[in-house]
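Subject: Structure for you to look at

Hello,

Here is the structure I said I would pass on. My notes on what was found follow it.

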Amino acid sequence: QVQLVESGGRLVQAGGSLRPSCSASGRAFSNLAMGWFRPAPGKEHEFVATISWSGGSTLYADSVNDRLTISRDNNKNTVYLQMNNLKPEDTAVYSCHASFRYPLTTTGVYWGQGTQVTVSS
């Protein structure tokens with residue numbers, strides 16, 4: 001079992017930056033591929049970004065462009081999502097997912113409750 005707890009979401013103005021984080025417990029973090037997801041019309045979890053077990057490989061949704069960067073610290077059992085040049089359409093609850101497969105582009109085996117990111121225009 002893996003427990004995931006996200007934090008760091010808040011209200012920010014368009015053009016601003018945020019770095020939500022996700023802390024994992026319950027299983028060897030370095031054995032898990034991690035990903036960030038958000039809701040979309042008709043989808044509970046839409047893929048945003050994923051990172052491999054070691055952090056050496058990443059993959060992003062096409063809509064992200066270069067504005068988001070996923071990273072992880074296996075010593076802290078934490079994965080991050082650096083979000084730059086935020087736009088109102090980035091407003092969503094961002095949830096952290098974990099899986100034993102990479103790339104993690106569909107709903108993971110485990111996921112957290114999410115953290116709310118709100119971007120004002």
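Cys22 counts as buried because its relative accessibility is 0%, where buried means under 20% relative accessible area, exposed means over 50%, and partly exposed is in between (1.4 Å probe, protein chains only). Cys96 is also buried, with a relative accessible area of 0%.

Before the rest, some notes on the source. This is a predicted model, in which local features need pLDDT of at least 70 and side-chain atom pairs count only at pLDDT 80 or more, while totals for chains, interfaces and linings use all residues. Residues are numbered from 1 along each chain as its sequence is written, and side-chain values use heavy atoms, with hydrogens and water left out.

The disulfide

Cys22 and Cys96 form a disulfide, with 2.2 Å between their sulfur atoms; the term covers a pair of cysteine sulfur atoms within 2.5 Å. A search of the whole structure finds one disulfide. The link of Cys22 and Cys96 is left-handed, with -75° about the S-S bond. Cys22 lies in strand E3 (residues 21–25) and Cys96 in strand E9 (residues 92–99), so the pair ties together parts that are 74 residues apart in sequence. Strands (E, at least two residues) and helices (H or I, at least four) are DSSP runs, numbered from the N terminus.

The open sheet

E3 also belongs to an open sheet of four strands, in the order E1-E3-E8-E7 and with antiparallel pairing. Its edge strands are E1 (3–7) and E7 (68–73), each of which pairs on one side only. From one strand to the next, the twist averages 15°; the axes are lines fitted to C-alpha atoms, for helices over the stretch in contact, and angles run from 0 to 180 degrees between N-to-C directions. Two strands pair if DSSP finds at least two bridges between them. E3 and E8 (residues 78–83) run antiparallel and are joined by three bridges. Ser23 has Thr78 in E8 as its bridge partner.

The hairpins

Strand E4 (residues 33–40) runs antiparallel to strand E5 (residues 43–51), and six bridges join them. Trp36 has its bridge partner, Ala49, in E5. The hairpin of E4 and E5 has two residues between the strands, and Gly42 takes a positive phi near 85° there.

E5 is also joined to strand E6 (residues 58–60), by three bridges and in antiparallel fashion. Here Ile51 stands opposite Thr58 in E6. The hairpin of E5 and E6 has six residues between the strands, and Gly55 in the turn has a positive phi of about 90°.

Regards
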